[in-house]
Amino acid sequence: MTRPRLADVKIVGLYTGKIVVGIGLLMLVPFAVSMIFQEWAAALDFVIGMGACFSAGYLLQTACQTQRDLSWMHGMVVASFSWLVAMVLGAIPHYLSGHFGSYLDACFDLMSGYTTTGLYLLQDLDHISYGLNMWRHLLTYAGGQGIIVIALTFMVKGSAGAFKMYVGEGKEEKLMPNVIQTARAIWLVSLTYLAIGSLALWGAGMLIGMESVRSFLHAVWIFMGAWSTGGFAPQSYNVGYYHSGFYEILTLVIFIIGSFNFALHWAVWTGDRREIYRNIETISFFITLMLTLTITAVGLQQFGIYSDAVAVFRKGFYHVASGHTTTGFGTMAARQFITQWSPLATIGTIIAMAIGASAASTAGGFKGLRMGIIFKGLIQDVKRLINPSTAVVPVWFHHIRDTLLTDSHVRAAMLIVLSYVGMYSLGSVLGIYYGYDVVSSIFDSVSAGSNTGLSSGLASPAMPSPLKVVYIAQMWMGRLEFMSIFALIGFLISTVRGK
Amino acid sequence: MERAAHTTRREQNRKQRWVGYAIGVAIESAGICFIMLVAFAISYLVAVWYR
């Protein structure tokens, strides 16, 4: 094991500094909202937060001045380390708002936002300032595209190593030949949908009698929560607050579209319309959605709590789709998953959350691409068994282009899926250790690890601090898909023990 | 004149690109609604049959 040199530390520090400055710049938006609505105390919180980000970012960039470009190891370490630093500094306005019991709770909310999870430990959500509401939703929207993507778009110029940071953040798709153009294309897709989706939700809000400005702000926030598959909402009753089927359908469409791969969006937008039904991820999503929904629907029928198809759609389908896309929007109270639904229905939702949606999207979980690859690998192995041993059994999958399935594809997919299973298990066991019931422990652990945000009521300010720390780690690992975190751990160990 | 023609062509390309994006948004939205309805219909029918 080689001990990292000062130059390696410098390069990590330099790029982390750039990203921290980016987080500070992002705070300008909630600061402006606070000023507009004359929330002076909230505005001051953001001034302090920006001050901390700019100071830390400037210090890091000054102390770590270097002309070297990133290697793969640096890119991975920057990606995972910058998320931690961004969490600690971004939590300052949260903590100063007085809505959190401790700094750890504020960090939990931050990590939940960045990773588009949606679990929260904030107290009295219904009475927080407009500025803090904007900050929570903006960071989930920004986190959905990726903190690195923000940095690539606005702050890092023409770096050959930029792609390595981008990959470190769990995205591998290149929409354009150049990674910075790719980052900009991701923003083009997201901002276009932001305009369309917010307008539609604004209209829906007005239709149900909300006042114009409030309806607009709720529309923007709910869009950000839906598109980024984040699940944050401005009211504690989440989407159920609006009591509107139309509003629910709009959010459904937005979060399902948001859960698709950016490469798929780009392919459809630039003329390859057939991609939407040929892509392995959309096929995989359709099949797993149908299966998990069937399990949940049968489970709901067992207890017969919803009498008609509309109720099953608004409660059953909504939550399974919300879980499958790892959004976390809900239209009922958290404890109802345990007290009202049958265990089978709850298990259907847990499986949906564990699988998750598309790779290189805002979503978490195993991902449809991996499920598709593993299924095709299984088919290939069965074909190999029934054919003569000398026979060559080619299997193809389509994801933007046709690709020949190899053992390395299956191995890589299995490795990540196994890591997710291990992580889900760790959180579940810890929940059970602290005395929570088995189903709730599994539910909230899978929800945190797959960045979903639905809760059975376990995740609350009253839960033990070690469990909060483990959930923060699960959200972080689930979002970055392990590899960059393994790289960071390796970097730290070799700093201490390397030669 | 060549520059004017170039500008017009660029404008047309930009318009075409945005029309393409709009069609993409429409196709994605319609595709999602279709997936949602079919998945829900199949699972609901299975559940009703089970009952």
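A:Glu481 counts as buried, at 8% relative accessibility, where buried means under 20% relative accessible area, exposed over 50% and partly exposed in between (1.4 Å probe, protein chains only). The structure is a predicted model, in which local features need pLDDT of at least 70 and side-chain atom pairs count only at pLDDT 80 or more, while totals for chains, interfaces and linings use all residues. Residues are numbered from 1 along each chain as its sequence is written, chains are lettered from A and ligands numbered from 1 in the order in which they are written, and side-chain values use heavy atoms, with hydrogens and water left out.

A:Glu481 forms a salt bridge with A:Lys367, with 2.5 Å between the closest N and O atoms; a salt bridge is a side-chain nitrogen of Lys or Arg within 4 Å of a carboxyl oxygen of Asp or Glu. A:Glu481 lies in the loop between helix 21 (465-480) and helix 22 (483-497) of chain A, and A:Lys367 in the loop between helix 17 and helix 18 of chain A, so the pair ties together parts that are 114 residues apart in sequence. Helices (H or I, at least four residues) and strands (E, at least two) are DSSP runs, numbered from the N terminus. A:Lys367 is likewise buried, at 3% relative accessibility. Not counting residues up to four places away in sequence, A:Lys367 touches A:Ile355, A:Ala357, A:Ser358, A:Ala359, A:Tyr420 and A:Glu481, contact meaning heavy atoms within 4.5 Å. A network of salt bridges links A:Lys367, A:Arg370 and A:Glu481.

Over all chains, the count comes to 9 salt bridges. Another of these joins A:Asp109 to A:Arg136, whose closest N and O atoms are 3.1 Å apart. This pair links distant parts of the chain, with A:Asp109 in helix 5 (residues 103-114) and A:Arg136 in helix 6 (residues 130-145) of chain A, 27 residues apart. A:Asp109 is buried at 0% relative accessibility, and A:Arg136 is buried with a relative accessible area of 0%. A further salt bridge (3.6 Å, N to O) connects the side chains of A:Asp407 and A:Arg384. A:Arg384 is partly exposed, at 36% relative accessibility.

The largest nonpolar core has 129 residues, and A:Trp227, A:Leu252 and A:Phe317 have the most contacts inside it. Such a core is a set of buried Ala, Val, Leu, Ile, Met, Phe, Trp, Tyr and Cys residues joined through side-chain atoms within 4.5 Å. Helix 4 (residues 72-96) of chain A supplies the largest share of this core, 9 residues. A second, separate core of 10 residues includes A:Ile280, A:Ile373, A:Phe397 and A:Ala413. Among the residues touched by A:Phe317, sequence neighbours up to four places away not being counted, are A:Leu252, B:Met36 and B:Phe40.

The contact between the chains takes 32 residues from chain A and 24 residues from chain B. Chain A and chain B bury about 2700 Å² between them, 79% of it on carbon and sulfur atoms; buried area is the accessible area (1.4 Å probe) that two parts lose on being put together, summed over both. In chain A, A:Trp269, A:Arg273 and A:Gln301 lose the most area to chain B, together 21% of what that side buries. The count between chain A and chain B is 0 salt bridges.
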